[in-house]
Amino acid sequence: MSGLNHSEAEARVRIMGTNELTARKPLSSWRLILKILPSPFNVLLAAIAVASIVVPTRNWEHMPESARVRRQLIKASEPVARIVAEIDVPKPHLAPGDVVLLSAGDTIPADCIILEAACLQVTQSILSGECAPVKKFPDLALPGHSDSILGASNTVFAGTSVISGSGVAVALATGDRTLLASIAAKLKSSRPLNSFQRGVRNTAYMLFAFMLVLYPLVLIVSGIFTKNWRHAASFSVNAAIGLVPELLPAIVNANLVRGMLSLRQKNVLVRRPDSIANLGAMTVLCSDKTGTLTQGNLSLELSLDPAGKEDLQVIRLAYVTASHQLGTRDDIDTAILSYRDPSGDRIAVPHHQKILDIPFTFERRRSSCVMHSWTDEIVLLCKGAYEEMIPLCSRVRVGSHTVNLNDETRAIIDGCISNLLDEGLRVLVVATRPLSSSQVTETSPIENLEANMTLEGYLAFRDSPREDAAASIWSLQSLGVDIRVLTGDSLEVAGRLCQKLDIVRSVDDGQRRGIIGADLEGLDDVQLDQVLESCVIFAKLTPVQKARITGRLRKKGHCVGMLGDGVNDCSALQNADVAISISSSSNAAKDCSDGEYIAT
């Protein structure tokens, strides 16, 4: 496939700019001083010639870590098809219109439209916060016509990574015109005044008002009674000065520093002292789900036979397929290979020799391997989503023998899977099929192999809540802090987690407890305010929607905290009164936060 020629590509780079994100320039010393001087109390004290300026440390001399990381996303080179040949083009020289060749492990260099795809899966966690891979394929639908721009199946975005498969795409937007750059641009704007800063400003305005009223009043009264207007003017100035608490800024800062030291002993690193006052005044905490309330990675919880009883043979079969799978392993394969039995040992698996590998695709929602087993038999091992797997099974394992899959056994299977789903678990089915050597060739149709299988059992996975999540939420609720969960994950998964953490008693209790981002799009501010009164769970959100929710909560008079760990949380972090990150957060989220919890 041919792309741009060199001269046309260079011309586009000159017009559109290089494929690099513009880093925010650190403020110089004099700019920081000018930024601090307009503080209401500083203006008030300067008016009476008593300056109280606290000079910050010289952190501005260092480029923020997130800026370096964002720039590192656009480095090295990328295989590009141009008219002359397929060549490696340095990413800064990539131009809109260049045809980009994608393969497993690549970081996507620009916002692109997919032209061709072969089992192409991309992780968009840097933008959405969700680690589940997303399938991308050519589609006539315009980008952004799905639930959110990130849901566009024919579009890949700069900074995201290819997990598996390959593809061909044409670059649409590069450098500062990418979606990643637009998120970074929002972070360059100054943060709105937080609750503490508004309180300081209002106090200063009140003192100004008292001075403006007191000075002429004292001047007139003193001048009338003393008949000495020069003395009256001096006396009225002194009276106005006496109203000003000159040491108040120093006292406030000293207490904030004391609070910083106290929190440091509890493994909390505070970056902005005034956030301590906001933390104490917080009325609503908005939290991301993945990586903050949960551990951010899947773990294998259960290995069950078709009747729902514990059976390690199921995990052994899945271990064989996961260990022989080609390409980048996803979270499920990683969880299977990391599993340990109750004694802490790895699962003992007999030796198998791989004959054929059938990789996972989103159409099939399963992956298979044809193996030569240690018993000198040829067997197909298959694992996948239960909705796709059960119709392909004709028999069920019962102990050491198999039986036909009839209505009675199907009811038992459906009941077991339903119970697992109700617990918020992700369920995979494992199945097998004995094959003959004549059935296994490189040209054998997949649908002929993955049929008439025997259902061996289920695997149940969980993105477990953090150990301290439930206790922390209970403590906050006992202090009168309301919890709102803002996530890019599905409403069902978020709802089950919130029930487990007692954030909500029931997702459906007569009131609307959850809403998805697509439903928020058509709401004006008044309607959104009504939704915020009852809804606790906000799912499938974009970064802009997260920021809008925190902003509306502040408009309603709440002191809002935001707990986030990804680039997709940065806008909401910047829009909150107090922004909190954790030690595992992205560098961009840490740069936007007021405080960081450091896990021990």
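Me: What share of the chain's residues count as buried?
Reply: Of its 600 residues, 45% count as buried, meaning under 20% relative accessible area, with exposed over 50% and partly exposed in between (1.4 Å probe, protein chains only). This is a predicted model, in which local features need pLDDT of at least 70 and side-chain atom pairs count only at pLDDT 80 or more, while totals for chains, interfaces and linings use all residues. Residues are numbered from 1 along each chain as its sequence is written, and side-chain values use heavy atoms, leaving out hydrogens and water.

Me: Which residues have the most contacts inside the largest nonpolar core?
Reply: They are L520, F538 and I549, in a core of 30 residues. Such a core is a set of buried Ala, Val, Leu, Ile, Met, Phe, Trp, Tyr and Cys residues joined through side-chain atoms within 4.5 Å.

Me: And what does I549 touch?
Reply: Leaving aside residues up to four places away in sequence, I549 touches L486, L520, L532, F538 and L541 (contact means heavy atoms within 4.5 Å).

Me: How many residues are in the second core?
Reply: That separate core has 26 residues, including I378, C382, V396 and I417.

Me: Changing topic, is W229 buried or partly exposed?
Reply: W229 counts as partly exposed because its relative accessibility is 48%. The residue lies in helix α8 (residues 229-242), where helices (H or I, at least four residues) and strands (E, at least two) are DSSP runs, numbered from the N terminus.

Me: How many helices and strands does the chain have?
Reply: The chain has 22 helices and 23 strands.
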